[in-house]
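Subject: Structure handover

Hi there,

Here is the structure I promised to pass on. Please open it alongside this note, and my findings follow below.

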Amino acid sequence: MSRPLQRGVSGIQIPDSQSKEKTEKEDLDKKAPSDQSPSSLSLRFPLRLLFADNNNSNNSPSKYGNITDNGFASDPFIVGSPRSRLNLLHFLKFSLLLIVVLALTGSFWWTLSISSSSRGHVYHGYRRLQERLVSDLLDIGEFTRGPAKLKELEFCSQEFENYVPCFNVSENLALGNSDGNELDRQCGRELRQNCLVLTPVNYKIPLRWPTGRDVIWVANVKITAQEVLSSGSLTKRMMMLDEEQISFRSASLMFDGVEDYSHQIAEMVGLRNESSFLQAGVRTILDIGCGYGSFGAHLFQSQLLTMCVANYEPSGSQVQLTLERGLPAMVASFTSTQLPYPSLSFDMLHCARCGIDWDQKGGIFLIEADRLLRPGGYFVWTSPLTNARNKESQKRWKSVQDFAQSICWEMLSQQDETAVWKKTSKKSCYSSRKPGSGPSLCGKSRDIETPYYRVLQNCIGGTQNSRWIPIEKRETWPSRANLNKNELAVHGLQSDELAEDTDSWKTAVNNYWSLLSPLIFSDHPKRPGEEDPSPPYNMFRNVLDMNAEFGGFNLALLQAKKSVWVMNVVSMSGPNHLPLIQDRGFVGILHDWCEAFPSYPRTYDLVHAAGLLSLEFAKPRRCTMLDLFIEIDRLLRPEGWVIIRDTVPLVESARALTTQLKWDARVIETESDSDQRLLICQKPFYKRQSS
């Protein structure tokens with residue numbers, strides 16, 4: 001795909017206004033009367049009837065020519081004395097002043113008389129004029145630039161290959177943060193890196209799903225053989241390492257443990273096997289300290305969606321390897337701040353040797369787990385502490401059991417090192433507790449849906465929430481994606497609104513694929529050692545929706561049977577629809593797009609942004625559009641795609657920035673809305689050369 005050509009002309013000069021008037025006057029002096037017809041003169045000077053010289057009223061000859069039969073002088077603006085010209089000038093000034101006064105008076109009375117219903121139309125018209133002005137200014141800017149292009153960005157140094165901004169452990173330690181707080185996300189202090197992150201020397205395009213779930217390239221992630229072999233976590237022990245690849249194949253004897261483990265949890269809950277989780281109301285699972293995602297990878301085939309969260313790790317990252325496998329994951333710390341999810345977001349929380357001391361800090365970590373769990377949801381904990389023999393460990397284990405009971409969790413079962421609790425479905429449980437036996441309930445002021453950089457709370461959240469619906473009373477997946485009338489009412493929506501949104505995104509996704517499929521197939525008919533890709537030539541697995549709204553783009557992809565998962569991001573600049581997205585059985589987070597996204601470089605195959613530029617840059621921000629695009633480039637895999645849908649001026653601005661990012665880009669008109677455009681871009685495969 002070739003880059004769009006830059007429009008521009010050069011060498012345009014605007015002549016001096018005085019010299020122009022002088023030239024016109026000299027030309028008039030030289031012309032004979034016969035050269036100018038009455039009709040042409042009347043068109044050029046429509047006000048001459050008002051300003052004809054009185055001396056010419058008797059058809060007397062003039063040095064500029066005779067008076068014509070219809071009474072028009074040849075040129076009333078030149079003929080006459082200096083005094084007549086002065087009178088003309090005064091009259092023009094007076095007329096202009098009168099027009100301005102009348103216009104201001106009429107505008108004032110028109111403003112007073114305008115109705116509230118018509119103001120919306122006026123505002124809409126104003127916005128249209130404003131957008132047109134921005135578009136014209138962009139055109140003017142391109143004309144004045146001529147053929148010159150914006151300067152392309154430089155590449156970052158090698159140390160940024162796996163860099164995640166906002167997670168600077170050494171700097172946090174230097175500032176005095178410790179006791180786990182050094183792992184917290186801290187944005188704003190570091191300088192922006194206005195450069196493009198390169199791939200490692202031997203980086204290779206990930207294998208397509210589902211092959212890529214079980215085999216990844218060693219060079220694509222920052223991990224050593226020693227980190228793989230020395231780890232004691234469940235999923236890390238199931239990895240097979242060779243010279244170029246890491247294998248998680250289910251055919252391996254070591255992999256059978258995940259299936260047995262999942263089956264064990266299902267039986268402890270009271271189900272026949274893990275495929276019955278959906279019928280029990282389980283769809284979304286938060287896997288804390290997920291290893292390398294094998295638990296979620298196994299459950300995915302049962303239509304269970306598992307989000308992995310783990311601390312930032314400079315090397316051997318759980319999140320990086322999980323994303324490389326095509327599974328949902330993000331960097332998040334479970335130490336001092338709430339996770340960026342609303343209350344009552346997940347049906348199950350899972351922690352297998354996740355490294356969190358649930359008995360510490362007065363049980364505040366269990367309170368956060370309770371906040372995230374839906375009523376009737378399950379908490380699964382696998383740890384040597386649950387089956388310990390020494391007195392100290394047994395004391396800690398008893399502390400966890402007692403605290404879980406105080407927040408109305410019922411222990412369903414304990415087998416070996418695994419214990420399973422069920423959160424209460426009844427609010428009355430909290431009022432029936434003995435006084436002082438557990439944490440209090442959060443008030444409305446502390447029980448909020450936007451936990452962004454919010455410190456952990458020592459009160460039980462979610463009880464004031466109108467979304468308190470037990471998982472067993474919710475629709476099972478996939479019916480859950482279409483919330484019923486009562487559930488939609490909680491979010492302030494009507495059934496027809498959600499249906500209209502669903503139909504709109506279904507059309508949009510079909511349009512996207514009709515545009516992308518030929519491009520993908522023409523650019524990648526096949527790769528070395530592979531057969532031709534089969535229809536629909538789906539090269540995507542990890543999808544980032546930067547402005548998810550209701551999650552309609554996610555649903556449309558699933559309805560189109562695309563083998564993808566979507567990270568639905570709700571911007572802090574707009575309304576918070578993340579509770580609705582989570583209730584529909586999807587996953588997502590709250591995020592401020594003036595900050596770096598909590599993920600490693602090269603983790604998404606497709607980035608989608610519909611209306612994001614209008615949302616983020618409709619008012620002054622502390623970041624620029626270029627900052628946003630540099631972050632998109634960091635998150636996007638080589639040969640990955642970007643789809644931007646927005647107003648014409650903003651899309652044109654974005655297209656201009658793609659030259660700095662070295663992206664291939666093209667602008668496409670939308671069939672449904674003439675005021676919007678599509679910008680489809682592809683990131684090139686640029687990588688560092690081996691020395």
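A contact here means heavy atoms within 4.5 Å. Among contacts in the protein between residues at least 6 apart in sequence, 71% join residues at least 24 apart.

Before the details, a word on conventions. This is a predicted model, in which local features need pLDDT of at least 70 and side-chain atom pairs count only at pLDDT 80 or more, while totals for chains, interfaces and linings use all residues. Residues are numbered from 1 along each chain as its sequence is written, and side-chain values use heavy atoms, with hydrogens and water left out.

**Overall make-up**

The protein has 21 helices and 17 strands; these are DSSP runs numbered from the N terminus, with helices being H or I of at least four residues and strands E of at least two. Of its 691 residues, 51% are buried. I use buried for under 20% relative accessible area, exposed for over 50% and partly exposed for in between, with a 1.4 Å probe and protein chains only.

**The nonpolar cores**

A nonpolar core is a set of buried Ala, Val, Leu, Ile, Met, Phe, Trp, Tyr and Cys residues joined through side-chain atoms within 4.5 Å. The largest one has 90 residues, and L286, Y341, W358, F379, L544, M567 and F629 touch the most other members. Helix α20 (residues 625-635) gives this core its largest share, 7 residues. At least three residues come from each of domain 1 (260-473) and domain 2 (479-683), with bounds taken from an automatic or database domain assignment. As background, nonpolar side chains tend to be buried together in soluble globular proteins.

Leaving out residues up to four places away in sequence, W358 touches I288, F334, C351, G363, F365, L366, A369, F379, W381 and V400. Another core, of 30 residues, lies apart from the largest one and includes F277, F295, V420 and L590.

**Covered helices**

Helix α12 (residues 364-372) has 9 of its 9 residues buried, so it is largely enclosed by the rest of the structure. Among those buried residues are the charged-type positions E368, D370 and R371.

Helix α17 (residues 552-559) is mostly covered, with 6 of its 8 residues buried. The buried ones are G552, F553, N554, L555, A556 and L557. What does the backbone do just after α17? There K561 takes a positive phi of about 60°. K561 sits in the loop between α17 and β12 (565-571), and K561 is exposed, with a relative accessible area of 74%.

G296 is in α10 and is buried, with a relative accessible area of 10%. G296 and M307 are 11 residues apart in sequence and 7.6 Å apart in space, C-alpha to C-alpha.

**Backbone details**

C408 has a positive phi of about 70° although it is not a glycine. C408 lies in the loop between α13 (391-406) and β9 (409-415) and is buried, with a relative accessible area of 7%.

There are cis peptide bonds to check as well. One runs from W209 to P210, with omega near 5°, and P210 lies in the loop between α6 (169-174) and α7 (211-214). A cis bond also joins W477 and P478, with omega about 10°; P478 is in the loop between α14 (428-431) and α15 (485-490).

**Cavities**

On a 1 Å grid over the protein atoms alone, a cavity is a set of points where a 1.4 Å probe fits but cannot get out, and lining residues have an atom within 4 Å of a point. Grid points are joined across faces, edges and corners, and a volume is the space filled by probe spheres set on the points. How many cavities of 30 Å³ or more does this give? The count is 6.

The largest cavity holds about 80 Å³ of space. Its lining has 14 residues, with Q338, R371, R454, Q457 and G461 lying nearest the centre. By type, the lining divides into 5 nonpolar, 4 polar and 5 charged residues. Here Ala, Val, Leu, Ile, Met, Phe, Trp, Tyr, Cys and Pro count as nonpolar, Asp, Glu, Lys and Arg as charged, and the others, Gly among them, as polar.

Best wishes

Key
On a 1 Å grid over the protein atoms alone, a cavity is a set of points where a 1.4 Å probe fits but cannot get out, and a pocket is an open set with protein on both sides within 12 Å along at least five of seven lines; lining residues have an atom within 4 Å of a point.
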